[in-house]
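Open the model and follow the strands.

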Amino acid sequence: MTTVRRFWIEFDRQECPTWLWQGVGVTAFDVRDCLSMVADLFIDGPMPPVRRITVDISLAEPLPVSRYLGVSVWRGVWYPPVNLGTGPIRDIDRRGAPGDYPTPVTESRRVRASEALRTKTTWWDEIPHINGMLWPLVNTHRAEYGRGMRDSVPVLRAACATDPTYGGMVCEALDYMIAWRPTPDEWFDPTETRFADQRELEEYLRAFRDYLFGTRPEPIYPPGSEPLSPEDAVQQAIRDLCGTRPEPLSPPGSEWLSPDTEPRLPKGE
């Protein structure tokens, strides 16, 4: 199935209006599809000569423009944020694309350490929208969060359904993570959650995406998030209320559980 890709178009500045000097961001199926939508921006004349086309541009790094962007997962122009007014463009008409344009180049991958995630690996820096979405993309998967994921993922699913823009950004980021195919060691570095092998981790990520945006009734919960037994749930509730470690509960039949038992006092009282 053909998928959309992000393009960054730069023009010859001598023939380009100043408001597009830095470039245009577009999501499209291919270069001609991209340029046909860019041509629609120039209603008063022809599109200026294209100087450079960058494909698969990452949004993890700041672009040389204002961060006020449209929705990059929608097909259409997202910088300037045109598609905030039009929504995703459905009709495909490549006739407006120029016949002469430079060969697209693929953005080179950056290599740098992440300060926000305190990790030695670098792949997290490439995830779209990572700086504003640490919770759904990283923290909710952390081992220390454990069983809390069972309470939070339904809330996240509802938020994605209620706000399509937010949901689109989460979906785009998850698609990137799945396509990257992180190794269990890469996944462990920011989350401290260990998976046995690559297949198990990939199945986990796909299930998480299908739960949020598909029809899967439940995600696959990571190791360590299994529900508490009834006995452990009682102990946890007592700890939450008292803030201290509770004494073990008396076994069934104990005098402490009998309503007819007189409370025992220390000797001499």
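In S2, Val-24 is the bridge partner of Ile-9. Strand S1 (residues 5-11) pairs with S2 in the antiparallel sense over 5 bridges. Two strands pair if DSSP finds at least two bridges between them. Strands (E, at least two residues) and helices (H or I, at least four) are DSSP runs, numbered from the N terminus.

This is a predicted model: local features need pLDDT of at least 70, side-chain atom pairs count only at pLDDT 80 or more, and totals for chains, interfaces and linings use all residues. Residues are numbered from 1 along each chain as its sequence is written, and side-chain values use heavy atoms, with hydrogens and water left out.

S2 has another partner to look at. Strand S4 (residues 76-79) and S2 pair in the antiparallel sense over 3 bridges. There, Val-26 stands opposite Val-77. How enclosed is S2 by the rest of the structure? Largely, because 5 of the 5 residues of S2 (residues 24-28) are buried. Buried means under 20% relative accessible area, exposed over 50%, and partly exposed in between (1.4 Å probe, protein chains only). In a regular strand the side chains alternate between the two faces of the sheet. Both faces of S2 are covered: Val-24, Val-26 and Ala-28 are buried on one side, Gly-25 and Thr-27 on the other.

Now the charges. The model has 10 salt bridges, each a side-chain nitrogen of Lys or Arg within 4 Å of a carboxyl oxygen of Asp or Glu. One of them joins the side chains of Arg-52 and Glu-10 (3.8 Å, N to O). This pair links distant parts of the chain: Arg-52 sits in strand S3 (residues 50-55) and Glu-10 in strand S1, 42 residues apart. Glu-10 is buried at 15%, while Arg-52 is partly exposed at 40%. Glu-10, Arg-51 and Arg-52 are linked in a network of salt bridges.

Another salt bridge joins Glu-203 and Arg-199 (3.1 Å, N to O). These two are separated by about one helical turn, because they lie 4 residues apart in helix H7 (residues 198-213).

Next, a loop. Thr-140 lies between helix H3 (134-137) and helix H4 (149-162). Thr-140 counts as buried, at 2% relative accessibility. Its side chain makes a polar contact of 3.2 Å with that of Ser-152. Such a contact is a pair of N or O atoms within 3.5 Å; within protein, one must be able to donate a hydrogen and the other to accept it, and residues adjacent in sequence count only if both atoms are side-chain atoms.

Finish at Met-169, in helix H5 (residues 164-180). Met-169 is partly exposed, at 28% relative accessibility.
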